[in-house]
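Read the following alongside the sequence and the coordinates. The account starts with strand pairing, then turns to a helix contact and to the chain as a whole.

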Amino acid sequence: MSWVLVVVGFSALIILHEFGHFIVAKRTGMRVERFFLFFPPKLVSVKRGETEYGIGMIPLGGFVKITGMNPEELEPRAAPEGDPEAKAGRDTPEGLLERVESAGQDPGEREQLPPEVLKRAYYNQPVWKRVAVIAAGPAVNVVLAFLILFVLAFSLNEITGPGLRIAEVTSDSAAKGQLRAGDKVISIDGQALDDVNGTTRADRYRELIGSHECAGQQTDGCQAAQPVSIVVDRNGQRVPLQISPRYDPAAEQVLLGVRFEPTDVTPINTPAQAADYSADTMWLITSKTVSAIARIFLPEQREQLSGPVGSSRALNEAIGFGTQEALFILALISLSLGVINLFPFLPLDGGHIFWSLVEKLRGERVPFSVIERASAIGFLLILMLFVVGLSNDLGRLGDDALNPR
């Protein structure tokens, strides 16, 4: 049942993304030929007015077919075979889709668009209209992510101070018998956490503990050469402690073996607080997404990338935890879909926006042969992201790939 909800969730994100393109194209007077979930071959469809609505057989996304996005449609007759701009048009994502849909059709039988339809074609529209249509898809995903997080915020607490306390001490840990649940942390290695901004408190804790290392080789369970100096408030009294953390190969650092939680939290109960939570979370995820992709050539960054399999699995597991977790993951996937689609490379939406803006600055249309050559770089980057993400997904699945839950 959870995988059914995953498919429904992803399908909703795709439909809403494409609906953004669809509704703005309609509002700006463009002719929308098709609005499909998934890619051809066509599974089922129905025509309403001038638009065909349907579902394809290849579940890799969705598309809105707007007249004139394939440059060949604007040609009054079939271009010579050697025409470089005609070849460029055939090799655009829209041209490829056109060829898949009309496989086996004689090129000479292509329907010539009447003048009243040509005037409504995508590439015959002002730049601002084209940018608005293309930007509408990612905008829907970003707004959807904000709304999900906004609603979710009212079931959460807001951290209002930098205080930190011990929530749990794990059995057989380095801190067992010294730290207790409820101890409030005053300082670690002489640094008062009250001096650390609340948003970086957990990261700073990891840095302070992780700066300690075992003497010689770091092996499973080895003790740090220097103990961690930690001062806690226990029932109103200051208790200084010296604890030697132990190395955990999974975390790749030494750990005390405790779980911390903030001491100062209040429920989020106003729209302003919910909006702040949504905006802060979206900014954090966006910055991390852009940073990870910008540093894709670093091995540690490549290992963090996920593809569709990993995203699906994360959403499936989150649904197993509960509604809050599932909505949070869905919001992050929607946000990532919107952000990544704005990268300025074709066939992403950002690529269409980029070349439309270049045309506006030049004052004339960019030859499609130029766009084709420049877009090859973007296509290779997208392909690399897909391959790396899928490889990481399969690696994380491991033996579970053969034993799905």
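In strand S5, lysine 184 is the bridge partner of arginine 165. The model is predicted, so local features need pLDDT of at least 70 and side-chain atom pairs pLDDT 80 or more, while totals for chains, interfaces and linings use all residues. Residues are numbered from 1 along each chain as its sequence is written, and side-chain values use heavy atoms, without hydrogens and water.

S5 (residues 184-188) pairs with S4 in the antiparallel sense over two bridges; pairing requires at least two bridges found by DSSP between the strands. S4 (residues 164-169) also pairs with S11 (residues 258-262), again antiparallel, over five bridges. There, leucine 164 has proline 262 of S11 as its bridge partner.

The helix contact involves H5 (residues 127-153) and H10 (residues 323-341), whose axes come within 8 Å and cross at roughly 155 degrees. Axes are lines fitted to C-alpha atoms over the stretch in contact, with angles from 0 to 180 degrees between N-to-C directions. H5 is therefore roughly antiparallel to H10, a term for angles over 145 degrees. Residues in contact (heavy atoms within 4.5 Å) include Pro138 and Leu152 of H5 and Gln324 and Asn341 of H10.

The protein chain has 12 helices and 12 strands, taken as DSSP runs of at least four residues (H or I) and at least two (E), numbered from the N terminus. Of its 405 residues, 41% count as buried, meaning under 20% relative accessible area with a 1.4 Å probe, protein chains only. Among contacts with a separation of 6 or more, 65% come from residues 24 or more positions apart.

Methods. Parallel < 35°, antiparallel > 145°, perpendicular 65-115°, else oblique. Buried < 20%, exposed > 50% of the residue type's maximum accessible area, 1.4 Å probe, protein only.
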